[in-house]
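Keep the sequence and the 3D view side by side as you read.

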Amino acid sequence: MRTVDFTKEEFSEKEKRNIEILDILRRRGPISRPQISQEMGINLVTVSNYIDDFIEHKLVYERELDVSEGGRRPALLDLDTKGGYIIGAGLNLTNMVGLLLDLKGNIVVKTQAEQPDLSVTGIAERLLDIIRQVIRRSKDYTSNIKGIGVGIAGIVNKKEGSIRWPEKEPNATNYVSVNVPLKDLLEREFGLPVLVENDATCACFGEYWLQLEPSLQNILFMFSGVGCGIIINGEIYTGALGCAGEPSIHNYKEDQLFNCSLGNPCFLKRWDTDLGIVQDFIAKTGLGSSNKVDLKSVFMAAKAKDEAARAVLNTAAKRLGIKIAYLVDLFNPQVVVIGGGLEEAGEEFLQKVTLAVKEWAFREATEDLKVIYSQLRENAVALGAASLVMRKAFAQLY
């Protein structure tokens with residue numbers, strides 16, 4: 001496999017077919033050429049030509065023969081998981097995860113750490129550190145690593161290559177420019193091509209590529225209630241400059257004029273990553289000065305039937321459901337995936353979010369809608385970032 005060009009945003013028809021065949025092998029292998037031909041609706045000779053290229057590139061191998069319904073038994077094909085490896089790194093306001101993946105999306109190496117209130121000045125060093133850790137633990141694979149995918153919180157401007165990190169302040173979250181050219185820095189340090197993408201976009205693609213049924217082609221990923229990953233007709237949507245998926249608006253000069261009665265803040269205003277759950281719980285109980293209160297402790301209290309915790313989560317679920325309903329009416333997705341730590345809230349929280357969505361969105365938009373938790377959980381961003389690299393690696397075979 002040659003060096004992957006991450007600057008390409010559009011795939012040629014040949015590249016799209018590369019991706020489709022290799023993805024079928026990734027999901028369904030071992031599988032025969034006739035089965036691939038039937039699933040794709042293209043002739044067997046064309047499929048065989050592609051497969052021969054993949055075998056030559058040591059991405060695919062033939063294995064034991066399939067059962068025949070008469071005549072010569074067709075050989076089974078499978079993706080060679082040792083054909084290449086990808087590093088994925090996810091960095092957001094709560095944690096960071098570094099992974100090494102094989103070409104089937106299996107995690108070979110994983111390292112992670114909590115990430116409390118990281119300032120903009122520490123981003124580059126923490127990213128370098130997590131990737132160094134992955135590489136140190138991947139000595140048997142380093143010669144065959146094809147690239148690095150990074151999912152990061154904030155506004156990623158693909159045209160300029162700039163990033164604005166959401167830095168928490170006492171009364172608000174401010175977006176601060178990351179002055180270090182992260183992509184160039186990482187490429188110089190590790191000698192590998194690097195892709196940098198927004199965390200919610202990465203998480204959305206990770207669920208689509210690795211977890212959801214192929215028939216689900218219109219997907220929203222709610223990274224708590226702060227960021228939103230969008231897939232439309234099987235394609236990632238990031239907008240003209242790459243910064244789509246921020247479902248909030250803000251004008252600090254007129255902030256006090258923009259409010260609403262249902263909870264604080266309004267569903268269109270900027271939220272904390274925890275939906276304000278911790279702050280609301282502390283206000284309701286008076287805890288916090290001597291007790292450490294975090295999102296997990298509120299979830300645990302709710303599961304233990306603490307009335308204050310349950311009341312706070314009920315309000316948060318309704319807020320999130322209203323925001324999702326607005327996006328459901330706008331995009332009409334087949335599935336909304338909720339992640340960013342809210343997966344720990346439990347099934348009752350998810351049910352209340354779903355109920356609010358159905359109550360506030362148009363009936364036609366919610367008739368067949370699925371609202372689910374992320375199945376990839378804390379790995380979603382890193383897995384999605386690595387999967388974006390994997391897709392480009394699959395595409396660029398000549």
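Which residues does Asp-5 touch, not counting residues up to four places away in sequence? Asp-5 touches Lys-392 and Gln-396, where contact means heavy atoms within 4.5 Å. Before going further, please note that this is a predicted model, in which local features need pLDDT of at least 70, side-chain atom pairs count only at pLDDT 80 or more, and totals for chains, interfaces and linings use all residues. Residues are numbered from 1 along each chain as its sequence is written, and side-chain values use heavy atoms, with hydrogens and water left out.

Back to Asp-5, then. This residue sits in the segment before helix 1 (13-28); helices (H or I, at least four residues) and strands (E, at least two) are DSSP runs, numbered from the N terminus. Asp-5 counts as partly exposed because its relative accessibility is 29%. On that scale, buried means under 20% relative accessible area, exposed over 50%, and partly exposed in between (1.4 Å probe, protein chains only).

Now zoom out to the whole chain. The protein chain has 12 helices and 16 strands, and 52% of its 398 residues are buried. Among its contacts between residues at least 6 apart in sequence, 66% join residues at least 24 apart.

Which residues of helix 3 are buried? They are Val-47, Ser-48, Tyr-50, Ile-51 and Phe-54. Viewed down the helix axis, these buried residues fall within an arc of 165°, so they line one face of helix 3 (the arc is that of the directions from the helix axis to the C-beta atoms). The face turned away from that buried side carries the exposed residues Val-45 and Glu-56. At the N-terminal end, Asn-43 caps helix 3, with a side-chain oxygen 3.1 Å from the backbone nitrogen of Val-45. After helix 3 comes Lys-58, which has a positive phi, near 60°.

On to the strands. Strands of a sheet pair through backbone hydrogen bonds, either parallel or antiparallel. Here, two strands pair if DSSP finds at least two bridges between them. Strand 7 (residues 145-152) pairs with strand 11 in the parallel sense over 5 bridges, and Ile-148 has Val-194 in strand 11 as its bridge partner. In strand 11 (residues 194-198), 5 of the 5 residues are buried, so this strand is largely enclosed by the rest of the structure.

Elsewhere, an open sheet of 5 strands runs in the order 14-13-12-15-16, with mixed pairing. Strand 14 (235-236) and strand 16 (370-373) stand at its edges with a single partner strand each, so one side of each is left without a neighbour in the sheet. Within this sheet, strand 12 (residues 219-223) and strand 13 (residues 227-232) run antiparallel and are joined by 5 bridges. Look there for Met-222, which stands opposite Cys-228 in strand 13.

Terms used:
A polar contact is a pair of N or O atoms within 3.5 Å; within protein, one must be able to donate a hydrogen and the other to accept it, and residues adjacent in sequence count only if both atoms are side-chain atoms.
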